[in-house]
Amino acid sequence: MISSKRILLVIGGGIAAYKSLDLIRRLRDRGAEVTPVLTQASEHFVTPLSVSALASQKVYRDLFDLTAEAEMGHIELSRAADLVVVAPATADLMAKMAGGHANDLASTLLMATDKRVLIAPSMNVRMWEHPATRRNLARLKSDGILTVGPDEGPMACGEFGFGRMAEVPQIIAAVESALGAGPLQGRHVVVTSGPTQEPIDPVRYIANRSSGAQGTAIAAALVQLGARVTFVTGPASVPPPAGVRVVAVETARQMRDAVFDALPADVAVFAAAVADWRVANAADRKMKKDGSGRAPALEFAENPDILAEVAHLAPDQRPRLVVGFAAETDDVVAHATAKRARKGCDWILANDVSEGTGIMGGSENEVTLISAEGAELWPRMAKDEVARHLAQRIAGVVA
Ligand code: C5P
């Protein structure tokens with residue numbers, strides 16, 4: 001599965017760098033091509049000569065190495081890979097990645113890449129447990145960075161705990177799964193999820209009861225099939241899935257901007273429960289009772305219809321497949337079919353949320369897929385299962 005894949009391996013400056021020499025060998029045994037990048041610090045632990053000999057490749061070391069730039073610029077270098085692996089990922093490298101620094105070759109490549117990035121953290125247990133590392137790790141995960149390890153055990157510094165870099169077979173398994181020859185490999189999917197919040201004043205807002213569960217399950221199912229997912233989410237009550245890039249928003253207008261910033265995409269799935277209206281006369285200070293007994297009157301303005309805007313983009317900008325949702329309480333197929341035509345999307349997943357179905361807030365869903373071919377009723381199944389079905393159908397169209 002990793003044979004003939006190109007892996008850009010950034011070796012950080014930690015004692016575990018010695019394991020990276022073995023990692024290079026084992027990756028090459030499996031037919032992968034490894035392009036090594038050393039940080040200045042890692043040269044204290046492994047030599048460019050041994051790394052280059054094991055990789056049978058030039059070692060990239062310095063951002064301002066003009067001969068290397070003439071051969072292959074740093075942007076190209078990061079794009080030519082199928083996967084970027086950082087092993088060991090030191091506390092410092094993780095901090096740089098989380099902060100978006102680009103002041104040496106390794107950090108610049110990590111900022112410039114459009115490929116998946118897998119990190120194998122390695123550091124002293126106290127550094128691993130430090131709140132700064134916790135913060136950085138959370139940020140990296142929400143940026144869609146994949147992680148493997150660290151393991152628990154005795155450390156080179158004499159302490160015991162979490163921080164040992166994952167062993168080579170474990171890293172290889174993570175590389176295989178990151179490269180997982182899933183049918184959506186190389187495809188970019190934008191998924192919207194959760195509710196939006198529309199401010200009334202700085203402390204109050206109008207929202208809805210969407211939990212974000214169905215959108216989250218869809219994003220996770222797409223990742224499973226190898227897609228690169230940008231997950232644009234309102235304030236949901238379930239955490240975002242692993243392996244996606246999370247863009248957190250509050251209002252419909254922020255969600256629209258985030259979706260357009262994330263384009264181009266091969267597919268867009270609109271699972272968010274977007275507020276149709278925002279408060280047009282929202283106050284910029286907290287509203288107070290004035291003693292007159294009169295309640296304030298809210299005025300509303302219509303929010304942008306993100307799904308319709310994206311579905312009506314020019315063909316060279318429009319995702320190949322645009323999927324919307326329709327929650328209906330009666331005449332599901334007729335209403336959803338009309339909605340599909342009005343919004344200009346390719347598919348609508350429609351469901352009946354009328355009382356008694358137990359769907360709203362429940363764990364199961366019964367959907368009808370409305371497409372140009374007509375309506376197709378799916379049997380009632382768990383929301384996770386609906387997500388997997390949808391991801392498979394998407395793969396059938398754009399893989
Ligand atoms: O019109 P209605 O809200 O029923 O349409 C639902 C579909 O449209 C969902 O896929 C939802 O995510 C999307 N939508 C949107 N922007 C809006 C309203 C709805 O993307 N402002």
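Me: Which residues in H1 meet which ones in H2?
Reply: In this predicted model, Leu21, Ile24, Arg25 and Arg28 of H1 are in contact with Ser50, Val51, Leu54 and Ala55 of H2.

Me: And how do the axes of those two helices cross?
Reply: The axes of helix H1, which covers residues 17–29, and helix H2, which covers residues 48–55, come within 9 Å and cross at roughly 10°. Because angles under 35 degrees count as roughly parallel, H1 is roughly parallel to H2.

Me: Switching to the ligand, what surrounds it?
Reply: The ligand is surrounded by Phe270, Ala272, Val274, Pro304, Asp305, Ile306, Leu307, Gly324, Phe325, Lys339 and Lys343.

Me: How much of the ligand does the protein bury?
Reply: The ligand taken alone exposes 450 Å², and the protein buries 86% of that.

Me: OK, now the eight-stranded sheet, what is its strand order?
Reply: It is an open sheet with mixed pairing, and its eight strands follow the order S12-S11-S8-S13-S16-S17-S19-S20. Strand S12 (245–248) and strand S20 (374–377) are the edge strands, each pairing on one side only, and neighbouring strands of the sheet are turned by 20° against each other on average, direction ignored.

Me: How is S11 joined to S12?
Reply: Strand S11, residues 228–233, runs parallel to S12 and is joined to it by four bridges, with Phe231 standing opposite Val246 in S12.

Me: Which helix lies across S17?
Reply: That is helix H14, residues 383–398, which lies across strand S13 (267–270), strand S16 (321–328), strand S17 (347–352), strand S19 (367–371) and S20, and runs at about 165° to S17.

Me: Last one, are S6 and S7 parallel or antiparallel?
Reply: Strand S6 (residues 151–154) and strand S7 (residues 160–164) pair in the antiparallel sense over four bridges, and Gly153 has Gly161 in S7 as its bridge partner.

Me: What about the turn between S6 and S7?
Reply: The two strands form a hairpin with five residues between them, and Gly158 in the turn has a positive phi of about 100°.

Note on methods: Residues are numbered from 1 along each chain as its sequence is written. This is a predicted model: local features need pLDDT of at least 70, side-chain atom pairs count only at pLDDT 80 or more; totals for chains, interfaces and linings use all residues. Side-chain values use heavy atoms; hydrogens and water are left out. Two strands pair if DSSP finds at least two bridges between them. Axes are lines fitted to C-alpha atoms, for helices over the stretch in contact, and angles run from 0 to 180 degrees between N-to-C directions. Contact means heavy atoms within 4.5 Å. A residue is near a molecule or strand if one of its heavy atoms lies within 4 Å of it. Accessible areas come from the Shrake-Rupley method with a 1.4 Å probe; for residues, only the protein chains shown count as cover. Angles under 35 degrees count as roughly parallel, over 145 as roughly antiparallel, 65 to 115 as roughly perpendicular and the rest as oblique.
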